[in-house]
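Try each task before you read its solution.

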Number of protein chains: 4
Amino acid sequence: MGEIEIGLGKTARRGFGLDELTIVPSRRTRDAELVDLSWELQGFRFELPVLAAPCDSVVSPNNAGAIDEMGGVAVLDLEGLWTRYEDPTAVLAEIAELDDDVVASRLQEIYKQPVDPDLIVSRVHAIRESGAVAAGSVTPHRIEELLPKVLESELDLLVIRSTVVSAEHVTKAGSKDSDTNQVEPLNLKTFIRQLDIPVLVGSCTSYQAALHLMRTGAAGVLVGVGTSTGATTADTFGVGVPLATAIADARAARMRHLDETGVYVHLIADGGMDTGGDVAKALACGADAVMIGSPLAGATDAPGHGCHWAPVGARADVPHSARIRVPLRGTQREVLVGPSDSSDGRLDLMGALRGAMASSGFESLKDFQKAELMVVPRGETGQ
Amino acid sequence: MGEIEIGLGKTARRGFGLDELTIVPSRRTRDAELVDLSWELQGFRFELPVLAAPCDSVVSPNNAGAIDEMGGVAVLDLEGLWTRYEDPTAVLAEIAELDDDVVASRLQEIYKQPVDPDLIVSRVHAIRESGAVAAGSVTPHRIEELLPKVLESELDLLVIRSTVVSAEHVTKAGSKDSDTNQVEPLNLKTFIRQLDIPVLVGSCTSYQAALHLMRTGAAGVLVGVGTSTGATTADTFGVGVPLATAIADARAARMRHLDETGVYVHLIADGGMDTGGDVAKALACGADAVMIGSPLAGATDAPGHGCHWAPVGARADVPHSARIRVPLRGTQREVLVGPSDSSDGRLDLMGALRGAMASSGFESLKDFQKAELMVVPRGETGQ
Amino acid sequence: MGEIEIGLGKTARRGFGLDELTIVPSRRTRDAELVDLSWELQGFRFELPVLAAPCDSVVSPNNAGAIDEMGGVAVLDLEGLWTRYEDPTAVLAEIAELDDDVVASRLQEIYKQPVDPDLIVSRVHAIRESGAVAAGSVTPHRIEELLPKVLESELDLLVIRSTVVSAEHVTKAGSKDSDTNQVEPLNLKTFIRQLDIPVLVGSCTSYQAALHLMRTGAAGVLVGVGTSTGATTADTFGVGVPLATAIADARAARMRHLDETGVYVHLIADGGMDTGGDVAKALACGADAVMIGSPLAGATDAPGHGCHWAPVGARADVPHSARIRVPLRGTQREVLVGPSDSSDGRLDLMGALRGAMASSGFESLKDFQKAELMVVPRGETGQ
Amino acid sequence: MGEIEIGLGKTARRGFGLDELTIVPSRRTRDAELVDLSWELQGFRFELPVLAAPCDSVVSPNNAGAIDEMGGVAVLDLEGLWTRYEDPTAVLAEIAELDDDVVASRLQEIYKQPVDPDLIVSRVHAIRESGAVAAGSVTPHRIEELLPKVLESELDLLVIRSTVVSAEHVTKAGSKDSDTNQVEPLNLKTFIRQLDIPVLVGSCTSYQAALHLMRTGAAGVLVGVGTSTGATTADTFGVGVPLATAIADARAARMRHLDETGVYVHLIADGGMDTGGDVAKALACGADAVMIGSPLAGATDAPGHGCHWAPVGARADVPHSARIRVPLRGTQREVLVGPSDSSDGRLDLMGALRGAMASSGFESLKDFQKAELMVVPRGETGQ
């Protein structure tokens, strides 16, 4: 479609959301059991292309093992409650019971408790002891400060994640953040190349931003608005790119980066996917895996007790997101791999993905990225 | 419009649903009585271009005669309750009264009762004795197993139907299904050519899939999402093509197949049509007839007692569709041929079709496929 | 935009409704008092470009004078209650009080009372005596039968109106209609040329249909779906063209007809306009005047007592439209020419039109047809 | 996209609203504290690009100082209650308590009280004494009459504002308006050039209208529908241009005017912006500042006591807009500059703008006008 003229001499591209797309079946179908959902990331092999988002409402040291066993990756927020409190159980229970009118201010108080770097080490150790791949996230603003303990913890996979991350962030020396003082600008490129564990970094939403993040040496780039909670960047700021276009643009950046360097950087679609259909379409647009937040926060056995809230970044000037109540549908296991007695696509996300690949005729995730897509009116579900 | 760029280097076609189209009247009008709704299929002549869908909620051996008398074709699900139970009356009544929270699991139990092949013979005989054309459906996974009894039953018209059917399904020997063991892959092409009754096969939603199904030797191909019940492939899987585009693409395949072989394969639009306008638009897009489910399930005298649920396929790994309650509007006769004192298009589907053809100036169904179409905003009803 | 491909090798035009358009102000504004809303039709001059639709709920012999005095034209349905009943007052009151579940069948009964041709004469005389231009409508099926009395009545302006009218209707001798027997096909061209009063004929919705109606010698052509009541052709039949495109196409036919014959045929936008904005946009698309139904039926002093129902055509096979309740907003005078203390555009339609022309800088209706239009998302109201 | 054919030979441009756009992040991000929101207008420097709209519900002599102190400009309606009543406090309270059915007529009565020119002087003096920049608005119809007192008052910034203003308004001598007699047409060009205070004039919505207003010598041009209250020009009249396109077109006019004259005329987006995202998008489309009405009227400490109504123009023939109740969200300070504990973008408009610029990587307002925009389905919020 190219450029649309929104006014005389002022143009814009058209961006597409996942809810405007469907996957067109190819002429071949296959048994769902013959579909292979595995993928690899710098030596790690995962049976399912799904990461549980680093939110206190989604991942705890206690459920990381179970998620790993299902085939996914649980990413613990290393600046969350589990590294701020010796035992956050009571705090998690309290958050779920707060009245709506006090939740924002109380959340701010709760997260003012400083991060205890030693807790990073013990939490990661607990996850490793469960036999799971230990993955944890930090924000770009604190990664340098927290890195020594992260390395000491023997983390397997590091996620550097904020609502919007760029390879070149402009800051001024002496600016303050909520917990600490005197943050210097982070040169992600220099920084990531020094680490010898795989790093995922994001979120980004454009070709240029994705390409620059790829050039930092990251093993993967998160693509999307970052969270599917109340942190609605687009509502508040007017900034954002619909997920299908963001993934497809990042896919173009991945091809260029591969051509220039021979390195394949993985794309993780991040946030805003609620159904198996959403997951399937994100992968068909070019993602290698998805990061899932609110569907897992809405599980009956999730740490958030049916509530979901965004991780607190290091920036005090951005309005803190509200806690939202997520409709309970089943356990985290039922959400990810079923069984499901529902047909709305909100349980058994991986079974639905398997069904999508089987009925459209694809065997592997990489093949599935070649699936034909069709644009339909928003929310249209194939007639 | 061709290809739309959804991201850099990633394109998609635009697909259209029936609710985005209207039929443009030509400059001539005609009396509704002068409109001819008949069509022929390999020696059978039907007065109305409508098939009642093979669902236990829609067709029983008891109403097939009445539907035939109106001019339509009733297709019995040969893997439904009538071939699993000697007398399914009580089961049908029970389904309509189940509470929502138990319906899914109870439906699975009810349909675990195995198909009794001898009942296929007796049900088809009952339909033939009513004087009607005997039409029945089986799923691709069980057709080989059930075929001997189907042939013994002297069925007139065989429908091979599943949500998505392809001419080349990839399976592995030894995979299990819910009722039986050891299903070998079905080569539809070899199989259909051996039968000497007309076969309809589907559903498919793309040019390539339709073309390959045509090459199996089928007399007709079903086009669409397969059912209009809760089996929402697009929601669950993200897979699907809006019906207008699916029909128009299959029409292009029909033209190519006709050009290559001289054989005209009929297109049956399958599912998702609720009003006379929907039926008219499906035919104007290129369908030769329509398969109707939920509007007939919602008749006061339908077997489903006001409920509708999708046929159970042979695949246990796909979530079973929910039973839905369909608003009651009139008898099956009133739904198909009136009389109607309503103007919302949900009764007298065939009268409305006749009205559409009369007011837009077409005499025969084949002519009507040349009607000019117009794209309007979704749900727009001609101002 | 030209043709849109809805499937391989199958194209459709995009049609636009009035609710997708806005009028772009030109660089000049003017006082509303300097706007001229008058128009002429074969020797008649009207101060306002508005015709009250020939519906029993809108026009009676009693209010025709008042509408004329405001500057509009009241068109009496010459096959309505006023020519079927000596005194329809009680019947009109009854219709407004019928329960929803009996209204359709009771309306059919009420309109089974045959038309008394002598009442045509007396009703038209009553209107003429009020000093108003006497305008009346008949359906194409009955015009030949009723013509002698119409001529005897000295009607000033004849409207031949049905949901869809074509210059060449195909019928068969001996087909029956609801009131009479043995209707022969009407050759509008031969017929209209014989009359020496101006004739308006419609409705039509396409370039070809409009052009052929123009060639009948009509002074004006009605464009649109015919009525804005429950007679939803598009819902029931799937047939229709959104009004903005229908008017613009008819405008192209008017230009061609003018070029070929030197005769300017007037376009009357018919139905579906509820606000002053709708009226303004219909005129800016190319209409010379508008025919208004439901907004006038919804007047506190309308004959329909707050109800509206479509005129009964001569066709018994089309479902009779439902009676709808129209929200009461003010008197017919307030609806047409105000005063209004509301800003939703549903009162003072002509004042709003005047405002539209003033603020967009046009002095006459003919100039206003050159106004620049802009396509906006459906229902968008200029941000 | 250019021209869209809405009918044969009739074309229209596509207009875009702010709710169809998002801002695409560039590859660089920056600290929010490094974003500069200041702008200058003919010697005045303002810290924030926001003007409080000249509505009695938004600005009073009492809150102008506080708005100025925050960095914005409060524009007093010089034909509003504060120049009609010695003490309008009771009237303002009364308006907020009127029942819906009497509010329109009572508002008309209240605003029939004539403007007392001496009150203009005293109100402006009161604002100047608070230390604020004194800005006031008049309608084009009354500016000549009121000018002597405006000049005597030593106003700093004059806004000439009406729903639609053109540089060449056609009127007739002797036309009457609601308060006075005998208004002569205003030649804005001659008039504005004589004044030596900066003048903002509008609103306009098209390239031509904006260009002609720029040629009057105005320091700035208001772009938009004029108010965000019930004065729905598009609903009532069908006239209007969605705000994003209106701003982009005016931006093109600004470039041409700059090229022709060397003078940079500021664009003030006027009306229809409710969230920080709306403000950011208006500026990214090309506006230099925004004029905000209803969000400020909805402040707990606003003069309108939670109600909002449009200023009364000089035209009695246009329906007076309704008073609307605006949901209360916080103080005017919280609306403009926070703090906010909400993430819906309706509080801390300027903080959200700062966040938009930071996360998309722009340092100054002028740079931000180069931000990449993306068209998304209406209401889409970045997935």
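This is a predicted model: local features need pLDDT of at least 70, side-chain atom pairs count only at pLDDT 80 or more; totals for chains, interfaces and linings use all residues.

Residues are numbered from 1 along each chain as its sequence is written, with chains lettered from A and ligands numbered from 1 in the order in which they are written.

**Exercise 1. Chain A and its barrel**

Task: find which strands of chain A close into a barrel, and in what order.

Solution. Start with the inventory: chain A has 15 helices and 18 strands (DSSP runs, H or I with at least four residues for helices, E with at least two for strands, numbered from the N terminus). From one strand to the next, the twist averages 25°. Now zoom in on one pair: β7 (residues 50–52) and β8 (residues 73–77) of chain A run parallel and share two bridges, and A:A52 has A:A74 as its bridge partner in β8(A). Finally, look at the packing on the sheet: helix α10 (residues 243–261) of chain A touches β13 (220–223) and β14 (266–270), and its direction makes about 170° with that of β14(A).

**Exercise 2. Strand β15 of chain C**

Task: work out which residues of β15(C) point one way and which the other way.

Solution. Step along residues 289–292: C:A289 and C:M291 point one way, C:V290 and C:I292 the other way, and all are buried (20 or more other C-beta atoms within 10 Å of a residue's own; 12 or fewer is exposed, in between is partly exposed, and C-beta atoms are placed from the backbone). Then check the neighbours. Strand β7 (residues 50–52) of chain C runs parallel to β15(C) over three bridges, with C:A52 opposite C:I292. β14 (residues 266–270) of chain C also pairs in the parallel sense with β15(C), again over three bridges, and C:D270 stands opposite C:M291. Between β14(C) and β15(C) the chain goes through helix α11 (residues 276–285), a right-handed β-α-β crossover (with the strands pointing away from the viewer, the path from the first strand over the helix to the second runs clockwise).

**Exercise 3. A helix pair in chain D**

Task: describe how α5(D) and α6(D) pack, by angle and axis distance.

Solution. For the residues, D:P117, D:I120 and D:V121 meet D:L146, D:K149, D:V150 and D:E152 (contact is C-beta atoms, placed from the backbone, within 7 Å).

**Exercise 4. Helix α8 of chain D**

Task: find how many residues of α8(D) are buried.

Solution. In α8 (residues 207–214) of chain D, seven of its eight residues are buried, among them D:Y207, D:L211 and D:M214. The cover includes β12 (199–204), β13 (220–223) and α10 (243–261) of chain D.

**Exercise 5. D:R329**

Task: decide where D:R329 sits and what it touches.

Solution. D:R329 is in the loop between β17 (324–325) and α13 (332–337) of chain D. With 16 other C-beta atoms within 10 Å, D:R329 is partly exposed. Leaving out residues up to four places away in sequence, D:R329 touches D:G298, D:V335, D:R346 and D:L347.

Methods:
Two strands pair if DSSP finds at least two bridges between them. Axes are lines fitted to C-alpha atoms, for helices over the stretch in contact, and angles run from 0 to 180 degrees between N-to-C directions. Two residues are in contact if their C-beta atoms, placed from the backbone, lie within 7 Å.
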